[in-house]
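Here are my notes for you, colleague to colleague. Please keep the model open beside you as you go through the points.

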Amino acid sequence: DEQVRTHHNRRTEVRAAVHDNELVLFYQPKLDMRKGRIVGMEALLRWQHPLRGIIAPGDFLPIVEHSDVIVDIGEWVLREALRQLESWRSFDADWVISVNIAARHFQRHDFVERLTEILAEFPDVPPHMLELEILESSALSDIAHVRSIMLACQALGISFALDDFGTGYSSMSYLKRLPADVLKIDQSFVRNMLVDRDDLHLVSAVIGLARSFGL
């Protein structure tokens, strides 16, 4: 009973954080290391708590991932990223911002409709400047449904990245059935690839797969 009460209180606290504008986005640059230039950004969500300081998403998103609060957070992130793109376009018109979308949010029946409305709020930002990242596990329950949402978003000009590729349950199946544009190799493989030959072989294999599929 105490655990349930605590969880409820923490969920209420996260919901209040959304309404009180305590969430903030940081932007991690994506580099083309051959050309030595920034090609885009990944939006990283943080909670700027008035007492506890900066809180990482792993410490608060799991509390609300099975509630509609995750949808409110997702839509806030999309708007904030598009607002940032609007101001960055004069600096570099080619930067693409990547945004993570939670499974519950992505699989809503009105996801594409709501996304279209949000994009319309920023007419100066072409949809192709937005990349959505989804985890392979997001597609576990209904691959056909997820595929249809991805195709509808791609019709708007938006691209997709499969996040943490290689750690899911059936990566090969997803690669065949989901119309992704980008594979993001999980950092657990990349981190040690220069000292661990197995990790190096895994990274090389995924790169080979991506090339075979034109990704």
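1. Contact here means heavy atoms within 4.5 Å. With residues up to four places away in sequence not counted, His49 touches Glu13 and Ile55. His49 is found in strand β2; strands (E, at least two residues) and helices (H or I, at least four) are DSSP runs, numbered from the N terminus. His49 is buried, with a relative accessible area of 10%, where buried means under 20%, exposed over 50% and partly exposed in between (1.4 Å probe, protein chains only). Its side chain also reaches the backbone nitrogen of Leu51 at 3.0 Å. That is a polar contact: a pair of N or O atoms within 3.5 Å, where within protein one must be able to donate a hydrogen and the other to accept it, and residues adjacent in sequence count only if both atoms are side-chain atoms.

2. A word on the ground rules. This is a predicted model, in which local features need pLDDT of at least 70 and side-chain atom pairs count only at pLDDT 80 or more, while totals for chains, interfaces and linings use all residues. Residues are numbered from 1 along each chain as its sequence is written, and side-chain values use heavy atoms, with hydrogens and water left out.

3. Which residues touch the most other members of the largest nonpolar core? They are Ile73, Val99, Phe106, Leu115 and Leu132, out of 55 residues in that core. Helix α3 (residues 69-88) gives the largest share, 11 residues. A nonpolar core is a set of buried Ala, Val, Leu, Ile, Met, Phe, Trp, Tyr and Cys residues joined through side-chain atoms within 4.5 Å. To see one member's surroundings, look at Leu132: leaving aside neighbours within four places in sequence, its contacts include Leu78, Val99, Phe111, Leu115 and Phe160.

4. Next, please turn to helix α5 (residues 111-120), where Phe111, Leu115, Ile118 and Leu119 are buried. These four cover an arc of only 100 degrees around the axis, so they lie on the same side of α5; the arc is that of the directions from the helix axis to the C-beta atoms. Among the elements covering the buried residues of α5 are α3, α4 (103-106), β5 (130-135) and α6 (143-156). The face turned away from the buried side carries the exposed residues Glu113 and Ala120. Ala120 has 56% relative accessibility, and its C-alpha atom is separated by 19 Å from that of Ser90, 30 residues apart along the chain.

5. Now the rings. Rings of Phe, Tyr and Trp (its six-membered ring) pair if their centres lie within 6.5 Å; planes under 30 degrees apart count as stacked, over 60 as edge-to-face and the rest as tilted. By this rule the count comes to 5 aromatic pairs. Trp47 and Phe60 are edge-to-face, 5.5 Å centre to centre with 75 degrees between the planes. Trp47 lies in strand β2 (residues 37-49) and Phe60 in the loop between β3 (53-55) and α2 (61-64), so the pair ties together parts 13 residues apart in sequence. Trp47 is buried at 3%, and Phe60 at 0%.

6. Phe106 and Phe160 are also edge-to-face, because their centres are 5.8 Å apart and their planes at 70 degrees. This pair links helix α4 to strand β6 (residues 159-165), 54 residues apart. Ring pairs also link Tyr27, Trp88 and Trp95 into a cluster.
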